[in-house]
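Subject: Structure handover

Hello,

Here is the structure for your files. My notes on what was found follow below it.

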Amino acid sequence: MISSVSLSQDGDILICEDDQGQVMRFHALWLRDNASDPATRSPQNGQRLITISDIPDTIAMRTVHLDDGLVKIRFNDRDDFISYEEAWLMHHCYDRSDAMIADLRMPPDVMTWDEHLAKGMDNAVMPEAKFADLKTNNHILFSWLEGLNRFGVAKVTDGPIKSGALMDVAGLFGYVRETNYGKWFEVRTEVNPVNLAYTGLGLQAHTDNPYRDPVPTMQILYCLENSAEGGDSIVVDGFRCAQRLHAEDPEGFDVMRRYCARFAYEGSSDVALHARRPMIECTPDGELLTIRFNNRSTAPLTDIPFSDMPAYYRAYRRFAAMVDDPAMQVAFKLEPGECFIVDNTRVLHARRGYSGEGSRWLQGCYPDKDGLRSTLAAMAKQRAVS
Ligand code: FE2
């Protein structure tokens, strides 16, 4: 806990020291902006009531003291004290000596995987639950959502075998984004398909619709019929591939992250979708954000300098080889009433080809990931207080 507090000479920095002698500094402007008193943040919904311009640029602290777990500060724009809980300050400390900008790092709560996910090795196992249990048991739903968030993939079994049942799966955690393919779409063999997905051809592992901006963030593929020979589903962790590429070819990783690829889809006369984004996208501080990989919709790459194009293609081919490597893949055949869900910003999915014998009918839709993350965080909050 914090054992002493003091101010810099001009009052623009708060200096806190914990009982281990660790120092945490906070700027006056940051503290004033993040005050939680009722004049700064709504007590009802926690939303900020002031704008950054409402804080004078001469903001400084006049006095500070510790009072029973609270750090109480009097700023020069107000006569009263504003209180900050010690635990809140420690949790939100940004005065760290460790490097904030890394070459590559994983988002928190993410665990990457390879073929071992299917075998439950390395503490990684494909999250799977029965539809009825997810509907009726909050503990099962919570741990399944946690698994989906951690691994970017999950399965549901024993669901209803009826058209549109995938919307009930989406309703477990979020909301579906409607696109030109509809609220949901049919994945079955068509005579004149607008998309190669609607044929019996095998499809290389890919993320869906990289030609959209923003891309669909999750996908559900729900099986209604699957008696055809073949047609197995395959999933690949794109974040694990990015980690491998970073380890094996740092220069290649860098060009794939640094330069934009282009993606396009004009499969029917009323659609012309184009996007210009990297195949491996990171946040400015090096955290993996989005993988876009789709051989069918990659347009001519024209945003990579001439001198870096060979390195780019070398890395692109290396990444594709990883995606095709059975050691990176988990394969399974969906039964009617089963579905799988992928984080489409991370996990690639593929399909083995299937023959004309029997039938294969899947339905797909695109729920948004913010709904999953919000539902999961709200459930975690409720579990912490109960
Ligand atoms: Fe797909």
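Are His206 and His349 buried or exposed? His206 is buried, and His349 is buried too; buried stands for under 20% relative accessible area, exposed for over 50%, and partly exposed for values in between, with a 1.4 Å probe and protein chains only.

Before the rest, the conventions. This is a predicted model, in which local features need pLDDT of at least 70 and side-chain atom pairs count only at pLDDT 80 or more, while totals for chains, interfaces and linings use all residues. Residues are numbered from 1 along each chain as its sequence is written, and side-chain values use heavy atoms, with hydrogens and water left out.

Metal site

The iron ion is coordinated by NE2 of His206, OD of Asp208 and NE2 of His349, at 2.1 to 2.2 Å. Donors are N, O and S atoms within 2.8 Å of the metal (3.2 Å for Na, K and Ca), and sites may look incomplete because water is not among the atoms. Along the sequence the donor residues follow the spacing H-x1-D-x140-H. His206 sits in strand β11 (residues 203-206) and His349 in strand β20 (residues 347-351), so this pair, 143 residues apart, links distant parts of the chain. Helices (H or I, at least four residues) and strands (E, at least two) are DSSP runs numbered from the N terminus.

Domains

The protein chain is divided into domain 1 (2-95) and domain 2 (115-381), with bounds from an automatic or database domain assignment. Their C-alpha centres lie 44 Å apart.

Salt bridges

The count is 25 salt bridges, each a side-chain nitrogen of Lys or Arg within 4 Å of a carboxyl oxygen of Asp or Glu.

- Arg277 and Asp213 pair at 2.9 Å, N to O. Arg277 is in strand β15 (residues 273-277) and Asp213 in the loop between β11 and β12 (218-226), so the bridge ties together parts 64 residues apart in sequence. Arg277 is partly exposed at 29%, whereas Asp213 is exposed at 52%.
- Asp325 and Arg244 have their closest N and O atoms 3.5 Å apart. Asp325 belongs to the loop between α8 (309-324) and β18 (329-332) and Arg244 to helix α6 (residues 238-248), so parts 81 residues apart in sequence are tied together.
- Arg314 and Asp249 meet at 3.4 Å, N to O. Arg314 is partly exposed, at 40%, and Asp249 is buried, at 11%.

Finally, a network of salt bridges links Asp103, Asp254, Arg257 and Arg258.

Regards
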